[in-house]
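Hello,

Here is the structure I promised to pass on. Please open it first; my notes follow below.

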Amino acid sequence: MKALIFWTCMLLMLHTEGGAMTPAYRIEVTIVGFSGPKLYLGYYLGDKQYVLDTADAIAPNTFVFSGAQPLETGIYFVALPPKNDFFQILITPQEQFFSIQTTQEKLNEVVKIEGSQENGRFYAYLRYLRKQQAKAEAISEIIKQSKTKKTSLTQAELKRQQLNTNVAQAQKKWVQKNKGTYAATIIGANLHPTPPLESFAKLDSLEKSHQLWMWTRQHYFDYLPLGDSNLLRTPFLFEKVDYFIRTLTPQHPDSICRAIDTVLHQMGQAPETFQFYLIHFLNSFAASNFVGMDAVYVHLVEKYYNTGKAPWASADQLAKLSINAKKLKPLLIGKIAPDISLECKGQRTQLHQIQSPYTVLFFWRYDCSHCTESLPAVKKFYEKYAAQGITLVAICVNPTLEQPNCAKYLQENQMPEWFNATDPSGKYFGLYNLETTPQVYILDQKKEILSKQVPADQLELVMDKIIEMNKKAQSKTE
């Protein structure tokens with residue numbers, strides 16, 4: 001009986017080991033003229049590239065990538081060290097066993113594929129594009145040489161325009177003909193919607209530019225299916241999404257929030273893509289150095305993380321995000337600054353009781369080196385704007401027991417007769433999220449936050465901009 005059990009275990013072990021030896025993918029690569037000892041197989045995710053596998057030479061110029069787990073769908077690259085020249089290949093669940101042959105001299109041109117129809121289509125398309133590129137370069141050379149000959153120049157420009165039209169039409173036909181294939185999905189996602197320029201013909205240049213921008217924003221994703229999970233591991237998805245958010249969208253928190261919501265809504269059918277980009281947006285705007293972008297962070301936490309739309313986040317992560325958002329929300333630009341009690345020369349007043357067209361809050365500590373470095377610029381700012389009725393409230397936020405040191409600091413540094421106040425309650429740290437000092441807030445007459453986290457050396461620039469914008473707004477209402 002023991003012998004039977006022993007042999008049964010041995011058989012199970014052999015079966016397991018044999019199963020482990022069966023690869024889930026195998027890609028054989030031959031590169032004529034390449035004598036290196038290894039190749040790298042990598043993939044794209046977001047704006048980065050990652051090496052997934054390394055293959056040693058099994059014969060001169062021949063390498064094999066293989067692994068126990070199937071490759072995710074996407075565009076991969078094969079890189080040749082040490083210069084890391086590379087060529088791309090398509091990977092789908094149905095095609096994980098194939099071979100590809102090329103030459104080191106012309107990696108992306110002399111390509112032969114066996115066992116992968118997707119890569120066959122992909123490289124056939126690339127060959128077509130190279131031919132059209134050669135035609136375009138020839139026309140560009142004619143244009144370059146014909147700048148002094150108006151007739152020849154016009155003819156060359158018409159040829160270029162016709163070539164562009166022909167290529168665009170051919171691309172659409174190719175995508176339609178190969179519909180349902182991964183190659184067609186990739187190529188189709190990179191097509192550009194054609195705006196109806198004739199509709200804008202009668203507009204002046206400024207209005208035409210505005211209407212074209214609006215049309216482009218509205219139709220930007222017409223050919224790019226954001227809900228297709230097979231596009232996550234491609235080199236172009238991040239670039240296109242980032243361009244939509246950073247360039248096509250006005251860089252105002254409200255506009256950015258709407259743009260991100262549009263992108264994430266379309267990505268909802270692809271959970272992994274949705275997760276990647278929600279995390280990316282959250283981290284990006286949490287670390288943003290641009291004033292006011294914390295509003296985007298708060299929006300993402302409240303709309304997605306606090307509502308159960310980020311199931312991958314742990315309870316601790318969700319709690320921390322929620323706490324951070326709650327701290328930031330009352331301090332967002334456009335909010336009324338928290339009212340605080342100010343003690344100045346033994347007398348108390350409330351921040352909201354200060355009558356001034358603009359109030360600048362300067363939170364500092366006597367033991368803060370950055371605060372000391374900021375003082376000359378703050379003094380210069382005060383000297384310039386005091387006559388314009390702007391109130392500067394400098395608040396020492398050291399603990400109550402250290403308040404005598406604040407007074408000593410004021411005297412030693414010859415700080416002018418600002419509204420030099422202290423924090424009698426010790427609550428300002430939390431109310432104004434004063435994890436670092438100095439901190440600067442610019443408030444209007446109603447104590448609405450106009451700007452914050454302004455470096456001292458940029459105070460004048462920001463203040464001038466605010467005053468200028470308000471003057472323009474007032475002139476429009478008069």
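Start in helix H6, where Arg 246 and Asp 242 are four residues apart, so about one helical turn separates them. Bear in mind that this is a predicted model. The two residues form a salt bridge, with the closest N and O atoms 3.6 Å apart. Arg 246 has 33% relative accessibility, so it counts as partly exposed. Asp 242 is partly exposed too, at 28%.

Now the rest of H6. The helix runs over residues 237-248, which is 12 residues. At 1.5 Å a residue it should span 16 Å, and its end C-alpha atoms are 15 Å apart, which agrees. Its buried residues are Leu 237, Phe 238, Lys 240, Val 241, Phe 244, Ile 245 and Leu 248. What covers them? The cover includes helices H4 (182-189), H5 (205-219) and H7 (253-266), along with H8.

H8 is also worth a look for its packing against H9. H8 spans residues 271-286 and H9 spans residues 294-305. They pack at an angle of about 145°, and their axes are 8 Å apart. The crossing of H8 and H9 is left-handed. From H8, the contact uses Phe 274, Leu 278, Ile 279, Phe 281, Leu 282, Phe 285 and Ala 286. From H9, it uses Val 296, Tyr 297, Leu 300, Val 301, Tyr 304 and Tyr 305. By class, that makes 13 nonpolar residues, with no polar and no charged ones.

Back to the charged pairs. How many salt bridges does a search of the whole structure find? It finds 13.

- Arg 365 and Asp 367: their side chains meet in a salt bridge, at 3.1 Å from N to O. Arg 365 is partly exposed at 26% relative accessibility. Asp 367 is partly exposed at 45%.
- Lys 384 and Glu 460: the closest N and O atoms of this salt bridge are 3.4 Å apart. Lys 384 lies in helix H11 (residues 369-385) and Glu 460 in helix H14 (residues 459-477), so the pair ties together parts that are 76 residues apart in sequence. Lys 384 is partly exposed, with a relative accessible area of 39%. Salt bridges with shared partners join Lys 384, Glu 460 and Asp 464 into one network.

Best wishes

Note on methods: Residues are numbered from 1 along each chain as its sequence is written. This is a predicted model: local features need pLDDT of at least 70, side-chain atom pairs count only at pLDDT 80 or more; totals for chains, interfaces and linings use all residues. Side-chain values use heavy atoms; hydrogens and water are left out. Axes are lines fitted to C-alpha atoms, for helices over the stretch in contact, and angles run from 0 to 180 degrees between N-to-C directions. Helices (H or I, at least four residues) and strands (E, at least two) are DSSP runs, numbered from the N terminus. A crossing is left-handed if the near helix is turned anticlockwise from the far one by less than a right angle, and right-handed if clockwise. Contact means heavy atoms within 4.5 Å. Ala, Val, Leu, Ile, Met, Phe, Trp, Tyr, Cys and Pro count as nonpolar, Asp, Glu, Lys and Arg as charged, and the others, Gly among them, as polar. The expected span of a helix is 1.5 Å times one less than its number of residues. Buried means under 20% relative accessible area, exposed over 50%, partly exposed in between (1.4 Å probe, protein chains only). A salt bridge is a side-chain nitrogen of Lys or Arg within 4 Å of a carboxyl oxygen of Asp or Glu.
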